[in-house]
Structures are given as structure tokens and as C-alpha cells.
Amino acid sequence: MNQDKKLERTLVLLKPNIVMRGLMGEIITRFERKGLRIVGMKMMQLSDALLAEHYAHLVAKPFFPILRNSMQATPVVALCLEGLDVVRVVRAMAGPTNGRDAQPGTIRGDYSVSNQHNVVHASDCVEVAAVELARFFQADEIFELGDLNINRLYALDELD
Ligand code: TYD
């Protein structure tokens, strides 16, 4: 088994809305139940500079100051999740940006009625995930779990 070659990692942020509503545990539980491995987790107060970098594609939008304030309302929880195709899996679990468009059963569909207070951030592709993880985590804040529970999560030939 050579899971290190195939397992991907992605960044999830539990946004202040989830921290304020006391729902951090519920959201983390959904990822654990799915079988995604948590290999990094911490609380962070996001700076103006970090948010301008993270949302560089939105800095010029009129809603950016409101978005920045809402992302700074409390610390966020940053998670590094690991699994096969984990970027795609987590985006599917999160659902589309606007909580009102998100299907029930998705995280945004179940916990959000808002376009902006949409409860989680999830990296949108593998390349972006690598950049975002480096932005939010130091190398020694992400852990190697090795084989651990891998045989419970995947068939052997999925990791060959
Ligand atoms: P974006 O990167 O487009 O979406 P996603 O988070 O689904 O990858 O937008 C980043 C965040 O900006 C989004 O989660 C909520 C906020 N946002 C608004 O507040 N208003 C908007 O019109 C859009 C498009 C995003």
C-alpha cells in the first residue's frame, strides 16, 4: 500500500458564523463520519493581509469589506482533511456557495440560508488546496497518520 502517493489534502475553514452558533463539533463530526482523516486543526484570528490574499479574486468586489469583517468576527477553525479525491469530496459535501441554493444534505444546505454566511470554506481544486494549506498551516502543524485506519476506509486496490 502506498497511500501517501494517492491521498490528497484540502483546506476547510469553519467560518465565524459556525463558531458563534456553537456548531463546530457538528461540522467536524460530518467530516469524521464520512471517513476523512483530520491531519491538521487549529483556531486562528484572520488578519487583513491573510484575507486579502485568500480572497484575492474578490478584493475588488463591493461586498469584500463586509466579507472581511464577517470572517474576522471570531477566530475560524482551520482543518486539513486527507483522503482519496478529498478536494472533490469536500466540495460536494459543502454544496454551492449560496446556502439557499445548496441541497439539503450538504453542509451549506443544512446549516445556511445565506450567500455569505455559508458556514465553511473548502478549497476548489487540488492546486489551490496546496497553496491554501501552505497559507494557513506551518509544515509541522500537519501530521502524517500513516496506515492508521486506512484499511477501514478504503479497499486495498483503491490505494495501489
Ligand atoms: P467564492 O470563492 O466565489 O465561493 P466559494 O466559497 O463557494 O468557493 O466566494 C468566497 C466567499 O465570498 C463565499 O464563500 C462567500 C463570499 N461571497 C459573498 O459574500 N458574496 C458573493 O456574491 C460571492 C460570490 C461570494
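Student: Which helices and strands each supply at least two residues of the lining of the largest pocket?

Tutor: This is a predicted model, in which local features need pLDDT of at least 70 and side-chain atom pairs count only at pLDDT 80 or more, while totals for chains, interfaces and linings use all residues. Residues are numbered from 1 along each chain as its sequence is written, and side-chain values use heavy atoms, with hydrogens and water left out.

The elements in question are β4 (120-122) and α8 (126-136); helices (H or I, at least four residues) and strands (E, at least two) are DSSP runs, numbered from the N terminus. The largest share of the lining, four residues, comes from α8.

A pocket here is an open set of points on a 1 Å grid over the protein atoms alone, where a 1.4 Å probe fits, with protein on both sides within 12 Å along at least five of seven lines; lining residues have an atom within 4 Å of a point. The space in the largest pocket is about 510 Å³, a volume being the space filled by probe spheres set on the points, which are joined across faces, edges and corners. Its lining has 22 residues, of which Y55, H57, L58, T97 and H121 are the closest to the centre.

By class, eight lining residues are nonpolar, eight are polar and six are charged. In this scheme Ala, Val, Leu, Ile, Met, Phe, Trp, Tyr, Cys and Pro count as nonpolar, Asp, Glu, Lys and Arg as charged, and the others, Gly among them, as polar.
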